[in-house]
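This briefing sets out the main features of one protein chain, grouped by topic. Please read it alongside the sequence and the structure shown below.

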Amino acid sequence: MNTTPQPDPRDRPARLTVGVVGAGRVGPALAASLQLAGHRPVAVSAVSDASRRRAEEMLPDVRVVPPAEVLERSELVLLTVPDDALPELVAGLAETGAVRPGQLLVHTSGRYGAKVLDPALRAGALPLALHPAMTFTGTPVDVQRLAGCSFGVTAPDELRLAAEALVIEMGGEPEWIAEENRPLYHAALALGANHLVTLVAQSLELLRTAGVGAPDRMLGPLLGAALDNALRSGDAALTGPVARGDAGTVAAHVAELREHAPGTVAGYLAMARATADRALAHGLLKPELAEPLLGVLAGPSDAAGGTGDTPGDTT
């Protein structure tokens, strides 16, 4: 184990050797982005065949080695493993002496802030939480998508500038998230992005069932406009039968979904109730129309989807 003291990052040369622990969809993309900024990826750990292929494609000529060797070779280490695996990984690396004093240790979990890196901090590492608010494909296109991507940044005050500088070098925009707000921040992103994929996939399936030959072409402009309007205007952008209080139309929707796609009923009812609540609160849904609408939405869903009061799992 190399115990040579490492310089403070503010005194280091601008270029760093970079290692990646976990060659999933995120790590290789971030390392490739840092390479474009002049840093030098030197090691990556990968277990599955898919992760090895991903590392070879996005980080050619970078050696695939065990995690401890990644840390041995690197000044900046990206820990890009699933959220639930991160605490054990950090504890294990610290216990085995793999962490070096002065080493920049970066995790990309949305759920956790910098405190999950405390075992490494006690070993002398410099802890940073840099979460890109972006979905990744595991292909080179991800590097391009980082341009303008917001990163949720959490780090000790003395490392804040270093964390923000790394984000900017990757083409991103740093957004400071307090340690105690990380779970809420991550829940907000999951609600907006992960559930959106489920909703779009369900909509595509229903349009195919309805005989639409190119549902993606139909949905593209509609969803693009809806997203743009929502980002610009928030609840004022609400449209459709729920916001208008068209209880009969909503009842017809529920009947059709029960017949053709019963697994979507619970989600439809849950989202429609949430939409009705927001529309009513913002004066878009007239109170006299809300009562019959909420009556339609209060009915139990099909047995396959659970009760009408319990939305299905769309995570």
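A residue is called buried when its relative accessible area is under 20% and exposed when that area is over 50%, with partly exposed in between. By this criterion helix 1 is mostly covered, with 8 of its 10 residues buried. The model is predicted, and the protein chain has a mean pLDDT of 90, with 90% of its residues at 70 or more.

**Overall architecture and confidence**

- The secondary structure of the protein chain amounts to 13 helices and 8 strands.
- The C-alpha trace of the protein chain extends over about 75 × 40 × 35 Å along its principal axes.
- Of the 315 residues in the protein chain, 41% count as buried.
- When contacts in the protein chain between residues at least 6 apart in sequence are considered, 62% of them join residues at least 24 apart.
- Residues 1–13 have pLDDT below 50, and this stretch makes 17 contacts in the model beyond near neighbours in sequence.
- The pLDDT also stays under 50 over residues 301–315, where the model has 26 contacts beyond four places in sequence.

- An open sheet is formed by 8 strands, in the order 3-2-1-4-5-6-7-8, with mixed pairing.
- Strand 3 (63–64) and strand 8 (173–176) are the edge strands, each of which pairs on one side only.
- Strand 4 and strand 5 pair in the parallel sense, over 4 bridges.
- Within this pairing, Leu 76 stands opposite Leu 104 of strand 5.
- Helix 4 (residues 86–95) lies across strand 1, strand 4 and strand 5, and runs at about 145° to strand 4.

**Nonpolar cores**

- The largest nonpolar core comprises 34 residues, and Leu 76, Leu 78, Leu 128, Leu 130 and Phe 151 have the most contacts inside it.
- The elements that give two or more residues to this core include strand 1 (17–21), strand 4 (76–79), strand 5 (104–107), strand 6 (126–132) and strand 7 (150–154), and also helix 1 (27–36), helix 2 (49–58) and helix 7 (160–169).
- Helix 1 supplies the largest share of this core, 5 residues.
- Another core, of 20 residues, lies apart from it; among its members are Leu 79, Leu 86, Ala 98 and Tyr 112.
- Beyond its neighbours within four places in sequence, Leu 76 is in contact with Leu 16, Thr 17, Val 18, Gly 19, Leu 34, Leu 104, Val 106 and Leu 166.

**Helix 1 and its end**

- The buried residues of helix 1 are Gly 27, Pro 28, Ala 29, Leu 30, Ala 31, Ala 32, Ser 33 and Leu 34.

**Ser 45**

- Ser 45 belongs to strand 2 (residues 40–45).
- Because its relative accessible area is 8%, Ser 45 counts as buried.
- The side chain of Ser 45 reaches the backbone nitrogen of Gly 22 at 3.0 Å.
- Not counting residues up to four places away in sequence, Ser 45 touches Val 20, Val 21, Gly 22, Ala 23, Val 65, Pro 66, Pro 67 and Val 70.

- Asp 61 is placed in the loop between helix 2 and strand 3.
- Although Asp 61 is not a glycine, it has a positive phi of about 75°.
- Asp 61 is exposed, because its relative accessible area is 84%.
- Val 81 is found in the loop between strand 4 and helix 4.
- Val 81 touches Val 21, Gly 22, Leu 86 and Leu 89, leaving out residues up to four places away in sequence.
- Val 81 and Val 20 are separated by 61 residues in sequence and by 9.7 Å in space, C-alpha to C-alpha.

**Leu 206 in helix 8**

- Leu 206 is part of helix 8 (residues 182–209).
- With a relative accessibility of 29%, Leu 206 counts as partly exposed.
- Apart from its neighbours within four places in sequence, Leu 206 is in contact with Leu 257 and Ala 261.
- Leu 206 and Leu 257 lie 51 residues apart in sequence, with a C-alpha to C-alpha distance of 8.7 Å.

How values were computed
Residues are numbered from 1 along each chain as its sequence is written. This is a predicted model: local features need pLDDT of at least 70, side-chain atom pairs count only at pLDDT 80 or more; totals for chains, interfaces and linings use all residues. Side-chain values use heavy atoms; hydrogens and water are left out. Buried means under 20% relative accessible area, exposed over 50%, partly exposed in between (1.4 Å probe, protein chains only). A polar contact is a pair of N or O atoms within 3.5 Å; within protein, one must be able to donate a hydrogen and the other to accept it, and residues adjacent in sequence count only if both atoms are side-chain atoms. Contact means heavy atoms within 4.5 Å. A nonpolar core is a set of buried Ala, Val, Leu, Ile, Met, Phe, Trp, Tyr and Cys residues joined through side-chain atoms within 4.5 Å. Two strands pair if DSSP finds at least two bridges between them. Axes are lines fitted to C-alpha atoms, for helices over the stretch in contact, and angles run from 0 to 180 degrees between N-to-C directions. pLDDT is the predictor's confidence in each residue, from 0 to 100.
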